[in-house]
Amino acid sequence: MKILVFCHEFPPVGSGAGNALSFLSKEWVRLGHAVTVFTSGWNELPASAVIDGVKVLRVPVGRQSLFRGRILEMIRYMVLSAADVSSLYQSQKPDLCVAFMAIPGGVGPLFMKRKYGVPFVTQVRGGDVPGYDEASLRWYHWMVRPLLKKIWKGSRAVIANGRGLAALVKRQMPALEIGLIPNGVDAQFYSPAPAKKKNDAFTFFFSGRLVDSQKNIRTLLDQLASLDGVRLVIAGDGPDRPFLECHAAEKKLSAQVECLGWLDKENLRRAYANADAYVSLAFSEGMPNAVLEAMASGLPLVLSDIEGHRELLVDGQNGFLVPLGDPTRLREAAQRLRQDADLCRAMGLESRRRVLDSHQWAKIAERHFEAFQKPAPILY
């Protein structure tokens, strides 16, 4: 089968969605399919390339950050997707299109179907769904909601990577059937450190885009980093990074908090290896890549009790779920892990086991392809 994927991010451009697509597309090639990805350009990257058997076509959208897209860039990507439909159809002759993120990835497939009858499947990822991170994306979702509904309605199948995202889509279109297929992780690259470095303080690690309205990092700083014997390391970048660094300084937490900024994969793997546990108090998540990477790295988890986290963490088995707004529970969980090395080790092993059982990319790619061939039932 010839598959044409529309996604505004593909490595080295972007983060979560692009990385997931990179692994899935390579696995689809391994299964014998021809895969082309239509994505955003970046600086001196070639307009066309073949990466691990995947043909990558890049268009200039004025991208200003390697790892973080802007709404204006997404609008440009949508315009170019629609404008290039005819040339893409003539050059690729796809049997199926995939919208990897309904917005902005769904515009090209929608136009392709209307003009040439090519069916398409839509994968929702988080920021493309109304209700996700409402504090910063509400007006954007209000603006694109009519287009979103046309994309979902025109899809052969709509696939979400978690129950929370599926519920948000259902809130917009209750009759729409949603397929559920979890995120995957590279469990060979992210793996437990053979010999963990001995730290003076128990180190919690967080990785993600620094948007406090979604990730709730200021609360994490206030509640966790002030504990005796605990250190918090943060990887990532975003619009709220300067504010969060200033907040840590004002609260005199600089000795307990380290902000590493955006990390490439090798340094990110090293950061997981140096950590004792992973922590997040996010208000909303789909199925976060960072949590899966932490699990593959053999870390116990301390996560906010939200839908996207409940699908990865069984309370008391591979970590602890803590209610939002309850600092006592967070501190209790942190102290239990810090004081009980055997519990910490056992929970980390359980995290790793769960990843190997349910989140390896080869299995995830096969399940996607099954959904491509027919309307998606509830798969997960």
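**View 1. Helix α1 meets helix α16.** In this predicted model, A20, F23, L24, E27, W28 and R30 of α1 touch W361, A362, I364, A365, E366, H368 and F372 of α16, where contact means heavy atoms within 4.5 Å. By class, this contact has 9 nonpolar, 1 polar and 3 charged residues. (Ala, Val, Leu, Ile, Met, Phe, Trp, Tyr, Cys and Pro count as nonpolar, Asp, Glu, Lys and Arg as charged, and the others, Gly among them, as polar.) Helix α1 covers residues 16–30 and α16 covers residues 361–372; they pack at an angle of about 75 degrees, with axes 9 Å apart. That makes α1 roughly perpendicular to α16. (Angles under 35 degrees count as roughly parallel, over 145 as roughly antiparallel, 65 to 115 as roughly perpendicular and the rest as oblique. Axes are lines fitted to C-alpha atoms, for helices over the stretch in contact, and angles run from 0 to 180 degrees between N-to-C directions. Helices, H or I of at least four residues, and strands, E of at least two, are DSSP runs numbered from the N terminus.)

**View 2. Helix α9 packs on helix α10.** Here α9 (residues 217–224) and α10 (residues 241–250) pack at about 20 degrees, axes 10 Å apart, so α9 is roughly parallel to α10. I217, R218, L221 and D222 in α9 meet F243, L244, H247 and A248 in α10. The tally for this contact is 5 nonpolar, 1 polar and 2 charged residues.

**View 3. Helix α5 packs on helix α6.** With α5 at residues 107–116 and α6 at residues 134–154, the angle is about 55 degrees and the axes lie 10 Å apart. The two helices are therefore oblique to each other. From α5, V107, L110, K113 and R114 meet L147, K150, I151 and G154 of α6. Sorted by class, that gives 4 nonpolar, 1 polar and 3 charged residues.

**View 4. Buried residues of helix α11.** L268, A271, Y272 and A273 are buried in α11, residues 265–274. (Buried means under 20% relative accessible area, exposed over 50%, partly exposed in between, with a 1.4 Å probe and protein chains only.) Their cover includes β9 (202–207), β10 (230–235), β11 (257–261), β12 (277–280) and α12.

**Notes.** Residues are numbered from 1 along each chain as its sequence is written. Local features need pLDDT of at least 70, side-chain atom pairs count only at pLDDT 80 or more, totals for chains, interfaces and linings use all residues, and side-chain values use heavy atoms, with hydrogens and water left out.
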